[in-house]
Amino acid sequence: MSDAKVRQVAPGVHVVHLPLPMKPTIVNVTLLRSGDEWALIDTGVDTEESHTALLAAMHEVGCSPKKVRTLIGTHHHPDHFGASAWFKEQSGATVLLHEREAQAASHYAPTKHSEATIQFFLANGIPLRRFAHVPSAGEFWSRLYKPTVPDRFIADGDHIQVGHFDLEVIGTPGHTAGHCVLYARRERVMIVGDHLLPKITPHVGFFPEGPVDPLGDFLASQRKVQNFEVDLVLPAHGGVFSEHRRRAVQIIQHHEYRLREMYDLILRVPRSAYEVASLSFGFDFDSPLQVQFPATFETLAHLEHLRVQGKVVKETENDVVLYRAA
């Protein structure tokens, strides 16, 4: 009996569990079948172990790569689009991705930090000079990420036909600028990528090349998905679930709590984003860099959201940006 990690969760809808070499240790991708037509949504990272797991799962359900006509990326991150070049070569599938995600994929090119990026770190209080080496995103992911160039861009409101499946593209920016979920209205199934996770909240960070208010975008996207009738939610991490509205409300409440907490931290004392992050997330200088940096970027997203709302102002002191309550 095969140990391929795949199961059918609805007629023609197969969830495949692929290994990741970091936490979370699994990413879920989706295979859709309608008659002789197949589509794959997301690919996992570009490792031999993940390739093997995906091919075994496809064999289990009677699909070869050449049968897959369409490859859809929910967003550009390595655990979702990392093996897209490999799968395109295997299948010849038409690759669909949001334009902003295609642009963002270039940020993972294996290059060192630019001077602008270094200044961004320093301006937000990150003690960069005290670390021996902070790898860039491209350096960190270079062995796991081989994205392909999309054949066609998708956008909010588009429809993608996969046999009898009519997949409605719902733009859900926040986790990334062009993140999309896919909604099969007739089947009441929503494939949500990282937007709506059952146990954890996706990272929402502020970056110099990104949107002005990514957290505001994310909260609006959580409200947006509540407008759809959904029986089955297929997340990229965690199990299939229902009650998508309840989970969206929980995620919104989590960020509202974070916003209040961070506002209180700068109510009387102006602080840098790094200082606020260390207090809010409970890390110190000796904590792993993969904790310190994402926490700081997520803190920045919250502080910038408060600034956009007029609740917080920022000022510069000794070349470091400080946030304080307005």
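Colleague: What is the order of the strands in the open sheet of 5 strands?

Modeller: This is a predicted model. In it, the order of the open sheet is β8-β9-β10-β11-β12, and the pairing is mixed.

Colleague: Which are the edge strands?

Modeller: They are β8 (159-162) and β12, each of which pairs on one side only.

Colleague: By how many degrees are neighbouring strands of this sheet turned against each other on average, direction ignored?

Modeller: The average is 25°, with direction ignored.

Colleague: In which sense do β10 and β11 pair?

Modeller: Strand β10 (residues 180-184) and strand β11 (residues 189-193) are antiparallel and share 3 bridges. A184 stands opposite V189 of β11.

Colleague: Turning to helix α8, how far apart are its end C-alpha atoms?

Modeller: They lie 32 Å apart. This agrees with expectation, because the 22 residues of α8 (residues 244-265) should span 32 Å at 1.5 Å a residue.

Colleague: Which residues of α8 are buried?

Modeller: The buried residues are H244, R247, A248, I251, I252, H255, R258, L259 and M262. Viewed down the axis of α8, these buried residues fall within an arc of 140°, so they line one face of the helix.

Colleague: What covers the buried residues of α8?

Modeller: The cover includes the helices α7 (214-225), α9 (273-281) and α10 (289-308), together with the strand β12 (232-235). Strand β12 is also an edge strand of the sheet discussed above.

How values were computed:
Residues numbered from 1 in each chain as written. Predicted model: local features only at pLDDT ≥ 70, side-chain atom pairs only at ≥ 80, totals over all residues. Heavy atoms only, no water. Helix = DSSP H or I, 4+ residues; strand = E, 2+ residues; numbered from the N terminus. Expected span 1.5 Å × (residues − 1). Buried < 20%, exposed > 50% of the residue type's maximum accessible area, 1.4 Å probe, protein only. Arc of directions from axis to C-beta. Contact = heavy atoms within 4.5 Å. Pairing = 2+ DSSP bridges. Axes fitted to C-alpha atoms, helices over the stretch in contact; angles between N-to-C directions.
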